[in-house]
Amino acid sequence: MAAVVQRAATSSVPVDFPPWQTVYWYSTRWEEDRLTERMLVVLRRRVRAAHGRAEEPSAGIIDSQSIKGADTVPRTSRGYDAGKKMNGRKRFIVTDTLGLLLVVCVMAAGVQDRDGAKATHLSAYLFTPVRFVYADAGFAGVLVNWCQRILRTTLEVVRKAPGQRGVNRTVPDSNVLSGKTCTRARPKPGSPRLGTCSVRWRALGGASGAGCALNASQCRWR
């Protein structure tokens with residue numbers, strides 16, 4: 001469904017689908033009704049319960065990912081990430097410690113991690129009970145004090161061990177952006193809001209699969 005939402009913005013959908021205008025109309029109406037957000041809440045609670053966890057998480061993980069944008073992505077919603085040498089958009093997410101999506105924000109890739117993380121942390125504070133968040137070293141510095149002072153939230157920066165290379169495995173599910181939640185598909189034309197919708201659809205697919213893998217008899221949403 002995430003791919004269909006993206007393709008509807010470019011007037012290209014599978015041949016067995018209605019006209020792209022119809023697909024796009026429904027996807028935007030569902031997003032205005034916050035349908036994907038409400039579906040994620042239900043699925044997340046069921047998967048957490050199947051894992052023997054409380055329905056609502058108390059801790060989360062924040063991560064970001066810069067994605068190269070297609071040439072047709074407007075300049076007003078794209079930017080250049082000098083660190084990753086990437087021109088496009090940047091996605092910020094907060095997940096629970098199982099890797100289930102809680103919050104997603106999409107903005108220009110030129111936005112610094114500490115600045116984009118503020119909006120993401122604020123969303124997590126307003127819409128979830130999470131008050132303890134793990135992060136890698138990219139979120140260290142003034143953001144830690146900001147979270148404590150403004151949101152009364154603890155941001156725990158987990159650093160790599162001396163000499164360690166590659167993904168920081170000490171951060172739970174630290175590479176969720178490149179694996180469970182979404183793919184590295186290039187952003188297509190459309191607003192960042194469409195990007196958040198696409199990430200949530202991919203997360204819904206991941207959460208459904210996780211629940212069904214645990215116990216097929218509990219998958220009443222199938």
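## Ground rules

This is a predicted model, in which local features need pLDDT of at least 70 and side-chain atom pairs count only at pLDDT 80 or more, while totals for chains, interfaces and linings use all residues. Residues are numbered from 1 along each chain as its sequence is written, and side-chain values use heavy atoms, with hydrogens and water left out.

## Overall layout

Let's start with the whole chain. It holds six helices and six strands (DSSP runs numbered from the N terminus, with helices being H or I of at least four residues and strands being E of at least two). Read from the N terminus, the order of elements is α-α-α-β-β-β-β-α-β-α-β-α.

Of the 222 residues, 42% count as buried. Here buried means under 20% relative accessible area, exposed means over 50%, and partly exposed lies in between, with a 1.4 Å probe and protein chains only. Among the contacts with a separation of 6 or more, 58% join residues 24 or more positions apart (a contact means heavy atoms within 4.5 Å).

## Strands and their partners

Strand 1 (residues 59-68) is largely enclosed by the rest of the structure, because nine of its ten residues are buried. Strand 1 pairs with strand 3 (residues 86-96) in the antiparallel sense over nine bridges (two strands pair if DSSP finds at least two bridges between them). Within that pairing, Gln-65 stands opposite Arg-91 of strand 3. Strand 1 also pairs with strand 5 (residues 132-135), in the parallel sense and over three bridges; there, Ile-61 has Tyr-134 as its bridge partner.

Strands 5 and 6 run parallel and are joined by four bridges. Strand 6 (residues 154-157) has two faces: Leu-155 and Val-157 make up the covered one, and Thr-154 and Glu-156 the uncovered one.

## The second largest pocket

How much space lies in the second largest pocket? The value is about 460 Å³. For the method, a 1 Å grid is laid over the protein atoms alone, and a pocket is an open set of points where a 1.4 Å probe fits, with protein on both sides within 12 Å along at least five of seven lines; lining residues have an atom within 4 Å of a point. Grid points are joined across faces, edges and corners, and the volume is the space filled by probe spheres set on the points. Of the 20 lining residues, Arg-34, Glu-37, Leu-102, Phe-127 and Arg-200 are the closest to the pocket's centre.

Helix 3 (35-50), strand 4 (101-108), helix 4 (113-127) and helix 6 (192-214) each supply at least two lining residues, and helix 3 gives the most, with six. By class, the lining has eight nonpolar, three polar and nine charged residues (Ala, Val, Leu, Ile, Met, Phe, Trp, Tyr, Cys and Pro count as nonpolar, Asp, Glu, Lys and Arg as charged, and the others, Gly among them, as polar).

## Two arginines with positive phi

Arg-34 sits in the loop between helix 2 (20-32) and helix 3. Its phi is near 60°, a positive value in a residue other than glycine, and with a relative accessible area of 39% Arg-34 is partly exposed.

Arg-152 lies in the loop between helix 5 (142-151) and strand 6. Although Arg-152 is not a glycine, its phi is positive at about 55°. Is Arg-152 buried or exposed? At 59% relative accessible area, Arg-152 is exposed.

Asp-81 belongs to strand 2 (residues 79-81) and counts as buried at 10% relative accessibility. A polar atom of the Asp-81 side chain lies 3.0 Å from the backbone nitrogen of Gly-83. Not counting residues up to four places away in sequence, Asp-81 touches Ser-66, Met-86, Lys-90, Ala-109 and Gly-110.

Ser-77, in the loop between strand 1 and strand 2, is buried with a relative accessible area of 9%. Its C-alpha atom is separated by 7.3 Å from that of Arg-89, twelve residues apart along the chain. Ser-198, found in helix 6, is buried too, with a relative accessible area of 4%. Ser-198 and Ser-27 are 171 residues apart in sequence, and 10.0 Å apart in space from C-alpha to C-alpha.

Methods: Polar contact = N/O pair within 3.5 Å; in protein donor to acceptor, adjacent residues only side chain to side chain.
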